[in-house]
Amino acid sequence: MGKVFEFDPKQRSKRPVKGNVPERAWPNHRDKWARKQQGGSVTGIVGVAAIALFAASEFIPPIVGCDIKGNISYQTGERIYHIPGQEYYSETRISLLNGEWWFCSEEAAREAGWRKAHR
């Protein structure tokens with residue numbers, strides 16, 4: 001049996017030279033694109049919808065009526081909740097990735113260990 005792989009000394013990664021390798025070992029861009037598209041349409045739509053919902057949660061509570069913003073101070077790490085009508089309520093953003101949360105009542109926020117904002 002002849003050589004299966006032949007290495008080009010100019011290539012640092014020691015990749016096989018295409019001429020001595022079976023063609024299916026070298027998929028072209030169309031093959032990669034086709035594999036990426038198979039079974040990905042529903043998953044892609046759900047993923048995009050999840051990302052959009054997650055991004056919207058910064059401004060809009062995920063549950064209607066649960067509009068108390070549980071924010072974590074970047075300087076102190078203190079957990080503070082803001083109710084609608086307070087001075088900085090509209091400027092406060094919620095990042096679920098950082099552990100911030102929306103609450104349905106002040107009581108729920110206090111029980112979770114958050115304190116009310118001063119203003």
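**Exercise 1: A salt bridge and its surroundings**

Is E78 buried or exposed, or does it fall in between? Work this out, then find its salt-bridge partner.

*Solution.* Keep in mind that this is a predicted model.
- Step 1: E78 has a relative accessibility of 35%. Buried would need under 20% and exposed over 50%, so E78 counts as partly exposed.
- Step 2: The side chain of E78 meets that of R115 in a salt bridge, at 2.6 Å from N to O.
- Step 3: This pair links distant parts of the chain, with E78 in the loop between β1 (68-72) and β2 and R115 in strand β4 (residues 115-116), 37 residues apart.
- Step 4: R115 is partly exposed too, with a relative accessible area of 26%.

**Exercise 2: A network**

Which residues do salt bridges that share partners join into one network?

*Solution.* 
- Step 1: Start from E106, whose side chain meets that of R110 in a salt bridge (3.8 Å, N to O). Both lie in helix α3 (residues 106-111), four residues apart.
- Step 2: E106 also forms a salt bridge with K116, where the closest N and O atoms are 3.8 Å apart. Here helix α3 is linked to strand β4, across ten residues.
- Step 3: Through these shared partners, E106, R110 and K116 form one network.

**Exercise 3: A loop residue**

Is Q86 buried or exposed?

*Solution.* 
- Step 1: Locate Q86 in the loop between β2 (79-82) and β3 (101-103).
- Step 2: Its relative accessibility is 13%, so Q86 counts as buried.
- Step 3: A polar atom of the Q86 side chain lies 3.2 Å from the backbone oxygen of A117.

Note on methods:
Residues are numbered from 1 along each chain as its sequence is written. This is a predicted model: local features need pLDDT of at least 70, side-chain atom pairs count only at pLDDT 80 or more; totals for chains, interfaces and linings use all residues. Side-chain values use heavy atoms; hydrogens and water are left out. Helices (H or I, at least four residues) and strands (E, at least two) are DSSP runs, numbered from the N terminus. Buried means under 20% relative accessible area, exposed over 50%, partly exposed in between (1.4 Å probe, protein chains only). A polar contact is a pair of N or O atoms within 3.5 Å; within protein, one must be able to donate a hydrogen and the other to accept it, and residues adjacent in sequence count only if both atoms are side-chain atoms. A salt bridge is a side-chain nitrogen of Lys or Arg within 4 Å of a carboxyl oxygen of Asp or Glu.
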